[in-house]
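Take a look at the structure below before reading on.

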Amino acid sequence: MAEGRITTRTREILRRHGLQLKKSLGQNFLTEDRVLHQIVEAADLDEQSGVLEIGPGIGALTEHLADEAKSILAVELDQRLIPILDELFVAYPHVKVLHGDAMKVDLHRLIDEHLGDCERRHVVANLPYYVTSPILMRLLEERLPLDSIVIMVQKEVAERLTSEPGTKAYGSITVTTQYFTEPEWVTLVPAHVFMPRPQVDSAVIRLKVRRTPPVDVRNEALFFRVIRAAFGQRRKTLPNALAAGLFGGERKGEVTAWLDEAGIDPKRRGETLSLEEFAQFTNLLDERLDDLT
Ligand SMILES: C[S@@+](CC[C@H](N)C(=O)[O-])C[C@H]1O[C@@H](n2cnc3c(N)ncnc32)[C@H](O)[C@@H]1O
């Protein structure tokens, strides 16, 4: 079969610049137009959209985004790729390439500076897999002014983010993501469309950022502590896991009673609790802890 356009483009750019891709930076570049189209389509962009792209690589996705959106800010960690990106987008004043680490740069300031005049803002990215969860948690927990996040992630991560209570894939990242967004599976992406080919398949998901959370939580910090504790020690019973994560292993009796009071059978495992049940228990716990102080 003849080599596709993007594969040829990628090989050509890498050869011309004498570049070896770095596995440690998660550099698996997309080489199929069809998948690039699917990602851009899922983001539902128009001439009022601003896009933050994390990890543009050598700009395969950026090129497609540049055709659809008003402004693009592309943050790339690998300094070697910056001159290549600058050269590729020299004639695109609405594409700004920035050398930086998406885990460290001030995203609020950058979005305000570069995408502030856009009506809608999106993150669109083929994320580096070694840092997917921390980047996603950062995007959500910092409450950036975003409408949606369309990301390519490892298939297993996509399954976690879109899973239901009681399934193996359901975890603290699921609950946290579903608290901030409505996740939607877009498409499965086989490993062979990347260069170099990774060990695992991938998937594109779309996270529609919620304006308000779907459950009423009075103490958010406590809510996230409860979630982490419930999933922290999967083999423990729920009262044991919560007592261990929240009270250093003490107060198991009280935790059991509070679960009962919140209408949650203490014999259940943490991974069977819904978002509503986590909120219910946290609100009760917050009240009871207040009463005790
Ligand atoms: C999976 S590749 C995607 C490249 C390109 N967008 C594509 O779809 O072909 C991930 C990119 O993220 C970059 N990267 C890795 N860690 C990063 C970080 N902490 N901040 C910003 N970019 C990062 C890598 O250098 C690489 O270019």
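Does T132 count as buried or exposed, and why? T132 counts as buried because 20 C-beta neighbours lie inside 10 Å. The cut-off for buried is 20 or more. T132 sits in helix α6, which covers residues 132-141. Setting aside neighbours within four places in sequence, T132 is in contact with L127, V153, Q154 and V157. L73 is 59 residues from T132 along the chain, and their C-alpha atoms are separated by 19 Å.

**The model as a whole**

This is a predicted model. The mean pLDDT of the protein chain is 96, and 99% of its residues reach 70 or more. For the complex, the predictor gives an ipTM of 0.99 and a pTM of 0.95.

The protein chain has 12 helices and nine strands. Its C-alpha trace spans about 65 × 40 × 30 Å along the principal axes. The chain has 293 residues, and 40% of them count as buried. Consider the contacts with a separation of 6 or more: residues 24 or more positions apart account for 64% of them.

**Two domains**

The protein chain is divided into domain 1 (7-209) and domain 2 (220-292). Their C-alpha centres lie 35 Å apart. Nine residues of domain 1 are in contact with 10 residues of domain 2. On the side of domain 1 that touches domain 2, four residues are nonpolar, five are polar and none is charged.

An unreviewed UniProt entry lists residues 35-211 as "domain: Ribosomal RNA adenine methylase transferase N-terminal". That span is 34% helix and 28% strand. The C-alpha atoms at its ends lie 29 Å apart.

**Around the ligand**

Which residues come nearest to the ligand? Of the 22 residues around the ligand, they are G55, G57, A102, N126 and P128. By type, the shell divides into 13 nonpolar, six polar and three charged residues.

UniProt, in an unreviewed entry, places the feature "binding site" at N28, L30, G55, E76, D101 and N126.

E76 belongs to strand β3, residues 71-76. E76 counts as buried, because it has 25 C-beta neighbours inside 10 Å. Residues up to four places away in sequence aside, E76 touches G55, P56, L81, I82, L85, V97 and H99.

N126 belongs to strand β5, residues 120-126. How many C-beta neighbours does N126 have inside 10 Å? There are 27, so N126 counts as buried. Apart from neighbours within four places in sequence, N126 is in contact with L30, G55, L61 and M152.

**A residue in helix α3**

H64 is found in helix α3. H64 is partly exposed, because 19 other C-beta atoms lie within 10 Å. Leaving out neighbours within four places in sequence, H64 is in contact with L36, H37 and V40. E41 is 23 residues from H64 in sequence, and the C-alpha to C-alpha distance is 10.0 Å.

**Backbone details in loops**

Now for the backbone. The peptide bond from M195 to P196 is cis, with omega near -10 degrees. P196 lies in the loop between β8 (194-195) and β9 (202-209).

Two other residues have a positive phi although they are not glycines: D44 and R251. The table sets out their angles and places.

| Residue | Phi | Loop between |
|---|---|---|
| D44 | about 50 degrees | α2 (33-43) and β2 (49-54) |
| R251 | about 60 degrees | α10 (238-247) and α11 (252-261) |

Why is D44 partly exposed? D44 has 15 other C-beta atoms within 10 Å, so it counts as partly exposed. R251 has 16 other C-beta atoms within 10 Å, so R251 is partly exposed too.

Notes:
Residues numbered from 1 in each chain as written. Predicted model: local features only at pLDDT ≥ 70, side-chain atom pairs only at ≥ 80, totals over all residues. UniProt positions renumbered as here; feature names shortened; annotations may be inferred. Helix = DSSP H or I, 4+ residues; strand = E, 2+ residues; numbered from the N terminus. Buried ≥ 20, exposed ≤ 12 C-beta atoms within 10 Å, placed from the backbone. Contact = placed C-beta atoms within 7 Å. pLDDT = per-residue confidence, 0-100. Near = placed C-beta within 6 Å. Nonpolar A, V, L, I, M, F, W, Y, C, P; charged D, E, K, R; others polar. Domains from an automatic or database assignment.
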